[in-house]
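Please find below a colleague's note on the structure that follows.

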Amino acid sequence: MEEQKSSKRIYTLDLLRIFGAITILLFHIKLEFGYVYPIFDSFISQGNCIMLLFFMLSGFVLQKSYSGTCFWEGKKLGDFYYKRLAGIYPLYLFNYLYILIVTFILYYSKSVLLANFITFPTELMMVQTAFYELNVGGNSGTWFLSCLAFCYFAFPLLSYISHKLGKKRIVFGAVIFILLITAPIIVPLCGLHGIYTNPFLGCLNFLSGFCCTI
């Protein structure tokens, strides 16, 4: 039987989102314009790490809202994907097309045209962050939305597995946190392109929020 979705708003999460959004804004101002803040400059310099907070919040909120939902009944799976993608794909597509036009105007050449043609399918399907090294069109800024799409795609299956594990879910959560702790070692050892934009590690942060509901 499907459990009733939690409709109670958690205002602490709203405050975390506001805090995260302001910190990321200040971080990008510093990054783009070299601004030095009179106080908390060292903290804001690490503002990119706050993006990981948004992955955790997404995982926590989704699992809290859909815990016990059987996505394989009726149109629930399709409705879930439609609702999630409707929230991020228009913004992603607008940004991609905008960057594409600017790139052609400022840096047009046959090699740039060919490179963008080759990578067009990965960009259109929102999987570009999995091919981060191939980025040639300046669309790397949408890595967060691309990683989030991976998380949304995997969520129904992960939720189902979590439900089936029952009390053993605590072991699942422990494995996720161990992987996160060892990420700084795994990334250089496996030759991954980094922690910040890596979809696998983004999904691990998503799952860490997911596991906080266990």
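Are aspartate 41 and lysine 30 buried or exposed? Both aspartate 41 and lysine 30 are buried, where buried means under 20% relative accessible area, exposed over 50%, and partly exposed in between (1.4 Å probe, protein chains only). Point 4 returns to this pair.

1. Basis of the model. This is a predicted model, in which local features need pLDDT of at least 70 and side-chain atom pairs count only at pLDDT 80 or more, whereas totals for chains, interfaces and linings use all residues. Residues are numbered from 1 along each chain as its sequence is written, and side-chain values use heavy atoms, with hydrogens and water left out.

2. Confidence. The protein chain has a mean pLDDT of 81, and 89% of its residues reach 70 or more; pLDDT is the predictor's confidence in each residue, from 0 to 100. Over residues 1-6 the pLDDT is below 50, and this stretch has 11 contacts in the model beyond near neighbours in sequence. A contact means heavy atoms within 4.5 Å. Where pLDDT is low, the predicted coordinates should not be read in detail.

3. Overall architecture. The protein chain holds nine helices and zero strands; both kinds of element are DSSP runs numbered from the N terminus, helices being H or I with at least four residues and strands E with at least two. Of the 214 residues in the protein chain, 37% are buried. Among contacts with a separation of 6 or more, 67% come from residues 24 or more positions apart. The accessible surface of the protein chain is about 13100 Å², with 72% belonging to carbon and sulfur atoms; such areas come from the Shrake-Rupley method with a 1.4 Å probe, and for residues only the protein chains shown count as cover.

4. Salt bridges. The count comes to three salt bridges, each defined as a side-chain nitrogen of Lys or Arg within 4 Å of a carboxyl oxygen of Asp or Glu. In one of them, aspartate 41 meets lysine 30 at 3.0 Å, N to O. This pair links distant parts of the chain, with aspartate 41 in helix 2 and lysine 30 in helix 1, 11 residues apart. Arginine 17 and aspartate 14 also meet at 3.0 Å, N to O. These two are separated by about one helical turn because they lie three residues apart in helix 1. Arginine 17 is partly exposed at 33% relative accessibility, whereas aspartate 14 is buried at 17%. Glutamate 73 pairs with lysine 76, the closest N and O atoms being 3.3 Å apart; glutamate 73 is partly exposed at 43%, as is lysine 76 at 27%.

5. Helix 9. Residues 199-211 form this helix of 13 residues, which reaches 18 Å from its first C-alpha to its last, close to the 18 Å expected at 1.5 Å a residue. The expected span is 1.5 Å times one less than the number of residues. Helix 9 is mostly covered, with 12 of its 13 residues buried, among them Leu201, Cys203, Phe206 and Phe210. Its buried residues pack against helix 3 (50-66), helix 6 (143-165), helix 7 (169-181) and helix 8 (183-190).

6. Surface patch. Leu16, Phe19, Ile39, Phe40 and Phe43 form a nonpolar patch on the surface, with about 510 Å² of accessible area together. Patches are made of residues with over 30% relative accessible area and no salt bridge, like charges being joined within 9 Å and nonpolar side chains (Val, Leu, Ile, Met, Phe, Trp, Tyr) within 5 Å. Isoleucine 39 is placed in the loop between helix 1 (11-33) and helix 2 (41-44), and counts as exposed because its relative accessibility is 56%.
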